[in-house]
Amino acid sequence: MPVRGPPLPRLLLDNVSCMRNAQIILRHVNVSIHDGGALVLTGTNGSGKTTFLRMMAGFCRPTAGQILWNGHDVSDSGVYHQYRLQLNWLSLKHAITDKLTVLENVQWFELLESKMGKSLPAVELMGLGRLANEKARMLSMGQRKRLQLARLIAIDRPIWLLDEPSIALDSDGVKLLEYIIAEHRKRGGIVIVATHLPIEIEDAMVLRLPPRFPRRMTLSDMLDRADMS
Ligand SMILES: Nc1ncnc2c1ncn2[C@@H]1O[C@H](COP(=O)(O)OP(=O)(O)OP(=O)(O)O)[C@@H](O)[C@H]1O
Ligand SMILES: [Mg+2]
């Protein structure tokens, strides 16, 4: 009888490096995340947290190493096609349509997923129930963030990639964020969060990215500058 090994991590970053603008931003990152796992990315401005999330979302490719999902390299187009359906990306850009109502802004995303019925409970959970039928242009910054979080819950995909999700939230909003992350993980979901602000996430792995400094000027940079002056 074959001996069963430990379960594969759902996500594995195997010696991953990533370049942007001809500079190495992430260097030899090794992380494994199982279902229900959480990874918190910290580090100074420009250290590469958003780049990490973008790379996980497939917006940029590792320049070395591999990102494996269920043991398969996500840079393979067939694998990526399936992998991207697992992802829920929350960025600093709200993607909110002002002329739609708060509820419609969530329902629209749910519809794109061919799902139904989760938008209103999600809007209510995020404390926007009384604003559900108001136009989204009425929303404050923190309320916009709550709307984005309502989408996460309504769409309900397994891997959450969250870039600074607590920005603009009040203290109740941060507690709600912590709650929905905990509930998502209980159902086996994975959360990767880039944040400067403290967010309580039980047993999260923390990856502190080292500070980065602008590279030294190359000859071609100097020639570019000379052209501009
Ligand atoms: N569109 C881009 N093109 C080229 N380089 C970029 C681009 N966006 C960011 N960078 C560079 O990549 C590096 C990492 O940026 P990144 O946005 O990942 O940092 P961050 O840790 O998320 O910072 P912050 O805390 O400010 O959000 C920085 O040096 C930045 O200048
Ligand atoms: Mg960032």
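## Ligand shell and helix packing

In this predicted model, ligand 1 is surrounded by Arg20, Asn21, Ile25, Gly43, Asn45, Gly46, Ser47, Gly48, Lys49, Thr50, Thr51 and Arg212. Helix H1, which covers residues 49-56, contributes the largest share of that shell, namely 3 residues. Sorted by class, the shell around ligand 1 holds 8 polar and 3 charged residues, together with 1 nonpolar residue.

The protein as a whole has 7 helices and 9 strands, and its C-alpha trace spans about 70 × 60 × 35 Å along the principal axes. Of the 229 residues in the protein, 31% are buried. Among the contacts in the protein with a separation of 6 or more, 70% are between residues 24 or more positions apart.

One helix pair can be described in detail. Helix H5 (residues 141-155) packs with helix H6 (residues 171-186) at an angle of about 10°, and their axes lie 11 Å apart. Because angles under 35 degrees count as roughly parallel, H5 is roughly parallel to H6. On the H5 side the contact involves Gly142, Lys145, Arg146, Leu149 and Ile153, which meet Gly173, Leu177 and Ile180 in H6. By class, this contact of H5 with H6 comprises 4 nonpolar, 2 polar and 2 charged residues.

The class make-up of the two sets of residues is set out below.

Terms used:
Residues are numbered from 1 along each chain as its sequence is written. Chains are lettered from A and ligands numbered from 1 in the order in which they are written. This is a predicted model: local features need pLDDT of at least 70, side-chain atom pairs count only at pLDDT 80 or more; totals for chains, interfaces and linings use all residues. A residue is near a molecule or strand if its C-beta atom, placed from the backbone, lies within 6 Å of it. Helices (H or I, at least four residues) and strands (E, at least two) are DSSP runs, numbered from the N terminus. Ala, Val, Leu, Ile, Met, Phe, Trp, Tyr, Cys and Pro count as nonpolar, Asp, Glu, Lys and Arg as charged, and the others, Gly among them, as polar. A residue is buried if 20 or more other C-beta atoms lie within 10 Å of its own, exposed if 12 or fewer, and partly exposed in between; C-beta atoms are placed from the backbone. Two residues are in contact if their C-beta atoms, placed from the backbone, lie within 7 Å. Axes are lines fitted to C-alpha atoms, for helices over the stretch in contact, and angles run from 0 to 180 degrees between N-to-C directions. Angles under 35 degrees count as roughly parallel, over 145 as roughly antiparallel, 65 to 115 as roughly perpendicular and the rest as oblique.
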